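Subject: the model, and what I found in it

Hi,

Here is the structure I promised to pass on. Have a look at it first, then read my notes below.

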Amino acid sequence: MNRRKIAKRLIYFGLPLTFVLLVGSVLVTYFWQMRLQKPEEINMAHHQMAAGMNGMDNMTDMAGMEHMDGMESSSSKEGAVSCSSITTPESSAPIRKFDLTAARTTLKLDNGKTVDAWTFNGLSPGPELRVTEGDQIVVTLHNQDIEDGVTIHWHGITVPCSQDGIAGVTQDAVPPGEQFTYTFIATTPGTYWYHSHQMSSIQVSKGLLGALIVEPKNGSESDTSTSETTALYQQLGSSMLVNGSERGLTIPGQPGEQVRLRLINSGNETMEFGVDGAPFRILAMDGHDLHEPGLLEGTIVPIGAGQRYDMLIQVPRSGKVVVTSPSAKDLPITIGSGSQPQHKEGGQQFSFLDYGTPLPDDPVLHVKPDRHFELKLGQTLFTKSINGKSFHDIPPMTVKEGDHVFITVSNEGGGDHPFHLHGHVFRVLSKNGEALQGSPVYLDTLLTKKGETYELYLEADNPGLWMIHCHNLKHASMGMSMMLNYEGITTTYRVGTKSGNLPDL
């Protein structure tokens, strides 16, 4: 057989075979990685113990070695505590009761357009729950007809493990015709929100969300506004809305009056806000006051998915104030009346590195870590990943109560990753190696962009099983979701297709 015939056979048979093998390998990889979204059954309290034992590259001290050695014994039934048994202690605090019914609804928007939505009490966003610091909150969730079940997660609120609303971890998803009652104390004043954490990327986009505002019991020095408004931005299917409107918000305001504007980004993408017509202050981030915040002008404020920023704006003597975002250009927030302010393009990006002033004799700056974890946020071929793995293949960060935990979070690509931790508030210590010089910054959701690295401090003071995930919920559904587990805490619930509990699908 001459060389020409051999070459022809290679072309006729070899290239198609190579193509088939390549396509086959891609499909096998795809379905292998996609299995992570729908496991058959996973116990999120004890998953990946072996991987955790082998994951010592993410531990930086001998205390970590001792901690890992104790994992197996702490997970045994003897002496273990169930998440469902960790509930709100009895309290004499005032009780605020709410009922929320999840149902399929056809909504008529204020522009005449109708949209099929999943709602709480026939609304999307659902009713704003406004309570006072120290109140005992009792919310009964009813599922009218959401076939896959529904839960409620209290985003940013520190609740007992059993009340976190995570399908397959803290409870089963509530099926149609059933109900579940959540009870917790509103311990920290601030701006929060709630949403379903069953198939979260689907159910939130269909409308199962709402605002939760905790007012200070005795007021605070930073809360000097005489009026306030909540502005919840959401992506409802193909419609971008603010407080359920497609036309923006108009807030009355008299010259000299101060307005506290509570901005909530419940979508999946980062929103950048500009303020025309007046200087402003950022009073709080994720519900936590900043220390001595200064005036800002011509500053662009990026708010990541799941984050909340409270702005304080004084209505000028003449003219109005307009707050806008390019990602919601048809939804301006207008404060006051009179002439339209001149819109300024661009502006300096807000940075919390040196905003406000530090606390004197700040004790956190002298804390030594008991645990140190490193989390690299990125992507693999078909999934979003943490340390190169996805969802239940990611070893949990396992801690014990009282630990001082340092977490290094790096965004290595795949888009903006708003890093959200359940059940806790963490403090941002540094960005790209530069320590914060201004106010302490406490968050539950941290916006990270490609190439950024943050050092975070966490006090392990709320025993339980807690999800950590990207709050671009599409990224979470693609695998960027893991656990922070306390030693000795167990759960009777399971994530997977067998139970139907799929918290981050």
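What follows is a walk through the main findings, one topic at a time.

First, the ground rules. This is a predicted model, where local features need pLDDT of at least 70 and side-chain atom pairs count only at pLDDT 80 or more, while totals for chains, interfaces and linings use all residues. Residues are numbered from 1 along each chain as its sequence is written, and side-chain values use heavy atoms, with hydrogens and water left out.

**Confidence**

The mean pLDDT (the predictor's confidence in each residue, from 0 to 100) is 90 for the protein, and 86% of its residues reach 70 or more. Residues 50-76 are the stretch to watch: pLDDT is below 50 there, though the model still gives this stretch 35 contacts beyond near neighbours in sequence. Contact means heavy atoms within 4.5 Å. Where pLDDT is low, the predicted coordinates should not be read in detail.

**The disulfide**

A search of the whole structure turns up 1 disulfide (a pair of cysteine sulfur atoms within 2.5 Å). Cys-83 and Cys-161 form it, with their sulfur atoms 2.0 Å apart. The torsion about their S-S bond is about -105°, so the disulfide is left-handed. It links distant parts of the chain, 78 residues apart: Cys-83 sits in the loop between strands E1 (81-82) and E2 (95-108), and Cys-161 in the loop between strands E6 (153-155) and E7 (179-185). On the naming, helices (H or I, at least four residues) and strands (E, at least two) are DSSP runs, numbered from the N terminus.

Are these cysteines buried or exposed? Cys-83 is buried at 1% relative accessibility, and Cys-161 is buried at 0%. Buried means under 20% relative accessible area, exposed over 50% and partly exposed in between (1.4 Å probe, protein chains only). Cys-470 is buried too, at 2%.

**Nonpolar cores**

A nonpolar core here is a set of buried Ala, Val, Leu, Ile, Met, Phe, Trp, Tyr and Cys residues joined through side-chain atoms within 4.5 Å. The largest one has 76 residues, and those touching the most other members are Tyr-233, Ile-282, Ile-313, Ile-333 and Val-428. Strand E32 (residues 465-470) gives the largest share of this core, 5 residues. Apart from it lies another core, of 25 residues, including Ala-102, Leu-141, Val-150 and Tyr-182.

Leaving aside neighbours within four places in sequence, the contacts of Ile-313 include Glu-257, Val-259, Leu-261, Phe-280 and Ile-335.

**Aromatic pairs**

Rings of Phe, Tyr and Trp (its six-membered ring) pair if their centres lie within 6.5 Å; planes under 30 degrees apart count as stacked, over 60 as edge-to-face and the rest as tilted. By this rule there are 10 aromatic pairs. In one of them, the ring centres of Trp-154 and Phe-184 are 5.1 Å apart and the planes are at 45°, so the pair is tilted. Trp-154 is in strand E6 and Phe-184 in strand E7, so the pair ties together parts 30 residues apart in sequence.

Tyr-309 is buried at 3% relative accessible area, and Phe-350 is buried at 10%.

**Sheets**

Two strands pair if DSSP finds at least two bridges between them. An open sheet of 6 strands runs in the order E11-E10-E13-E18-E15-E16, with mixed pairing. Strands E11 (239-242) and E16 (288-289) stand at the edges with a single partner strand each, so one side of each has no neighbour in the sheet. Strand E10 (residues 227-236) pairs with E13 in the parallel sense over 7 bridges, and Thr-230 has Arg-262 in E13 as its bridge partner.

Elsewhere, strand E26 (residues 417-421) and E30 pair in the antiparallel sense over 4 bridges; the bridge partner of Pro-418 in E30 is Leu-447. From strand E30 (residues 445-448), Thr-445 and Leu-447 point one way and Leu-446 and Thr-448 the other, and all are buried.

**A loop residue**

Pro-252 lies in the loop between strands E12 (249-251) and E13 (258-265). Pro-252 is exposed, with a relative accessible area of 67%.

Cheers
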